[in-house]
Amino acid sequence: MRRSQRNTLTQANHVALPDYDDVCLVLQGGGALGSYQAGVFEGLAEVGVDPTWTSGISIGALNTAIIAGNAPENRVAALRGFWNTICQPADLVGHVGAFMPAAFGFANIGRKFSSMWAAARALTEGQKGFFSPRVHLPLTHAKSRRPSDVSFYDTSALRATLLQFADFDRINDGAMRVSVGAVNVRTGNLVYFDNTKMRLEPEHFMASGALPPGFPAVEIDGEFYWDGGLVSNTPLTEIIRESQHKDTLVFQVDLWSARGTLPGDFLDVSERTKDIQYSSRTRAITDFVSHNQKHARLIKELLEHVPEKTRRSHPLLREAQKVADGGAVNVVHLIYKNKFFEGHYKDYEFSNDTMDEHWASGLEDIRRSFGHPEWFEVPSHDLGFVTHDVHRYEPAPQATADMPKAAANKLDDVVEGV
């Protein structure tokens, strides 16, 4: 029985999806921005959408572990517990820095300061339950040093946090397919750890988020792995490859937007570079799949001129028939949009306030997406691949909303010197 049939819902606020073979949740990497994905998942849970396959990279892999490692009714609470653990409230400097400008009518400047200060704290103090600065940095070459020792931060605390909020026996019981991407440091190849092919442990998810040189490589079966985002920050291609003969609905949750404003200084250049480097390549994938679909239609038309008996008996023609009978993929794209107070540090700004705002944005975007029920129809197999995005027709985000750019840049200079 298909998952969408098992999800037949009776409550008024629930959604009964069309008859898809797979409902996939695809989670991009993006550090502290990842609470946006948690908000999207809360929106899926409140309408009763239960993914059959969740795939993630980096922070998306950590969210994947929490989702797959809990019973459906406990997943949102577990995500909230995980994010409340790895984020931290503002300290005295953050509170004062936000309050003083607001008292004189400059609340936006205060909000930007508190965000930048929280990012500075993450760099110097680390994050509880996630990573901590190494006391002695490995700055000199040593033949005896292992790759897992060469990083600015120690991530050993993350293993205990994952075990606290995720049941790895549940992850491996096969109820939900799980795959997370990491890069083999020795070969440079992107690999996917998949619970249909191996038993997944905390190390597999930690490896997917081991971004150098901040985080250390993670050893698994004698090989060392880094963050999968070094090669591909979105596991959509893995989903497409596995869904060639299925009707698949994909909720793709991205934390970096390919579209943005032109940079005005070096800090803007740093932020924009991250956006472009880590944003997904959905358009390239769409073009590739559309090209393949055109070939499939051509093969299908040619096969109509071959007698059915011959099509069934000839092995090459049977293979051609499989290509011609490809499935359809529908991607509902959720893309995080920058807040006015964020800058190049947004992926390591782990304050509670910002986490809550990211979460709320994700919840709002998925609710708006469900306001378009026509988006969830199974695409025509002649079309093969469609995408939908609530932000598609909106203008590119502005870096600072109603705060003057000059004021934002000046404040950047001040905090960079702290």
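These are my notebook entries on a predicted model of one protein chain.

**Ground rules.** I number residues from 1 along each chain as its sequence is written, and I use heavy atoms for side-chain values, with hydrogens and water left out.

**Overall.** I looked up the secondary structure and found 16 helices and 11 strands in the protein chain, taken as DSSP runs (H or I of at least four residues for helices, E of at least two for strands) numbered from the N terminus. Of the 418 residues, 52% count as buried, that is, under 20% relative accessible area with a 1.4 Å probe, protein chains only. I noted an accessible surface (Shrake-Rupley, 1.4 Å probe) of about 19,500 Å², with 57% of it belonging to carbon and sulfur atoms. Among contacts (heavy atoms within 4.5 Å) with a separation of 6 or more, 75% join residues 24 or more positions apart.

**Cores.** I then turned to the nonpolar cores, meaning sets of buried Ala, Val, Leu, Ile, Met, Phe, Trp, Tyr and Cys residues joined through side-chain atoms within 4.5 Å. The largest has 68 residues, and those with the most contacts inside it are Phe82, Trp83, Leu162, Ile171, Phe205 and Phe251. Helix 3 (residues 59-68) gives this core its largest share, seven residues. A second, separate core has 12 residues, including Leu236, Ile285, Val289 and Val329. Back at Trp83, and not counting residues up to four places away in sequence, I listed its contacts, among them Gly31, Ile59, Asn63, Phe350, Met355 and Trp359.

**Arg177.** I found Arg177 in strand 5 (residues 177-184), buried at a relative accessible area of 16%. Its side chain makes a polar contact (N or O atoms within 3.5 Å, one able to donate a hydrogen and the other to accept it, with residues adjacent in sequence counted only if both atoms are side-chain atoms) with the side chain of Asp194, at 2.9 Å. Beyond its neighbours within four places in sequence, Arg177 also touches residues including Trp53, Lys197 and Glu242.

**Helix 11.** Helix 11 (residues 266-278) has 13 residues and reaches 18 Å from first to last C-alpha, close to the 18 Å expected at 1.5 Å a residue. I recorded Leu267, Asp268, Glu271, Arg272, Lys274, Asp275 and Tyr278 as buried; they lie on the same side of helix 11, because they cover an arc of only 155 degrees around the axis. At the start of helix 11, a side-chain oxygen of Asp265 comes to within 2.7 Å of the backbone nitrogen of Asp268.

Technical notes: Predicted model: local features only at pLDDT ≥ 70, side-chain atom pairs only at ≥ 80, totals over all residues. Buried < 20%, exposed > 50% of the residue type's maximum accessible area, 1.4 Å probe, protein only. Expected span 1.5 Å × (residues − 1). Arc of directions from axis to C-beta.
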